[in-house]
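Visitor: Hi! I'm new here, so please bring up the structure and walk me through it.

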Amino acid sequence: MRRIGVWIDQREANLIRVTKNGVFSKTVYSDIETRVRIEGEKKQFGRFGDQFIVDEKGKENRINEYTQKFLQKVLKEISSADELFLFGPAQTKFKLEKLIWAKPEISLKLKDTRTAGQMTHNQKLAYVRDYFNNNRS
């Protein structure tokens, strides 16, 4: 049985696979840059002198585009699992959950989504191992 726990935030996703032989992990990194600064740009003004130009919508669109690409990459990695468990500190886990619910063949495998704070790598491994050991179906 392929059981995968996914700890995810905006920077990376740790895919933690629990097997009879142990616990294995793989990290998928995102290309999302939330603080892109254009050379010459000051606080709220554009780089064209005194003109008030803020490219907030463009920045938001870029972040959304990179987030979707990142989530699709993670979804591709976890699609072969028999059981899925999502956890993490931010809203990214809920975006991934929404994508999973849009695919019926994967949504049946999703067991739970939980909010969890920042963790060390070993804490993540133990959290997933304990989850699957205590929640057998």
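Visitor: Let's start with one residue. What does Leu75 touch, not counting residues up to four places away in sequence?
Guide: Leu75 touches Leu96, Leu99, Ile100, Lys103 and Ile106. Contact here means heavy atoms within 4.5 Å. Before we go on: this is a predicted model, where local features need pLDDT of at least 70 and side-chain atom pairs count only at pLDDT 80 or more, while totals for chains, interfaces and linings use all residues. Residues are numbered from 1 along each chain as its sequence is written, and side-chain values use heavy atoms, with hydrogens and water left out.

Visitor: Thanks. Is Leu75 buried or exposed?
Guide: Leu75 is buried, with a relative accessible area of 3%. Buried means under 20% relative accessible area, exposed means over 50%, and partly exposed is in between (1.4 Å probe, protein chains only).

Visitor: And where does Leu75 sit?
Guide: Leu75 is in helix α1. Helices (H or I, at least four residues) and strands (E, at least two) are DSSP runs, numbered from the N terminus.

Visitor: How many residues lie between Leu75 and Ile106 in sequence terms, and what is their spacing in space?
Guide: They are 31 residues apart in sequence, and their C-alpha atoms are 9.1 Å apart in space.

Visitor: Zooming out, how many helices and strands does the protein chain have?
Guide: There are 4 helices and 5 strands. Along the sequence they follow the pattern β-β-β-α-β-α-α-β-α. The protein chain has 137 residues, of which 36% count as buried.

Visitor: Back to α1. At what angle does α1 pack with α2?
Guide: α1 (residues 56-78) and α2 (residues 92-101) pack at about 60°, and their axes are 10 Å apart. Axes are lines fitted to C-alpha atoms, for helices over the stretch in contact, and angles run from 0 to 180 degrees between N-to-C directions. The two helices are therefore oblique to each other; angles under 35 degrees count as roughly parallel, over 145 as roughly antiparallel, 65 to 115 as roughly perpendicular and the rest as oblique.

Visitor: Which residues meet there?
Guide: From α1 the list is Thr67, Gln68, Phe70, Leu71, Gln72, Val74, Leu75 and Ile78, and they meet Thr92, Lys95, Leu96, Leu99 and Ile100 in α2. By class, this contact has 8 nonpolar, 4 polar and 1 charged residues. Ala, Val, Leu, Ile, Met, Phe, Trp, Tyr, Cys and Pro count as nonpolar, Asp, Glu, Lys and Arg as charged, and the others, Gly among them, as polar.

Visitor: New topic: the strands. What is their order in the sheet?
Guide: The open sheet of 5 strands has the order β3-β2-β1-β4-β5, with mixed pairing. β3 and β5 (110-115) stand at the edges with a single partner strand each, so one side of each has no neighbour in the sheet. On average, neighbouring strands of this sheet are turned by 15° against each other, direction ignored. Two strands pair if DSSP finds at least two bridges between them.

Visitor: How many bridges join β2 to β3?
Guide: There are 8 bridges between β2 (residues 12-19) and β3 (residues 22-29), which run antiparallel. A hairpin links these strands through 2 residues. Asn14 has Thr27 in β3 as its bridge partner, and Ala13 stands opposite Val28 in β3.

Visitor: What about β1 and β2, which way do they run?
Guide: They run antiparallel too, joined by 6 bridges. They form a hairpin with 3 residues between them, and Val6 has Leu15 in β2 as its bridge partner.

Visitor: Do β4 and β5 run parallel or antiparallel?
Guide: β4 (residues 83-88) and β5 run parallel, joined by 5 bridges. Gly88 has Thr115 in β5 as its bridge partner. α2 packs on the sheet as well, touching β1, β4 and β5, and its direction makes about 160° with that of β5.

Visitor: Which strands does α1 lie across?
Guide: α1 lies across β1 (3-8), β2, β3 and β4, and runs at about 155° to β3.

Visitor: Last one: where is Asn133?
Guide: Asn133 is in helix α4 (residues 121-134). Asn133 is partly exposed, with a relative accessible area of 39%. Asn133 and Val18 are 115 residues apart in sequence and 9.6 Å apart in space, C-alpha to C-alpha.
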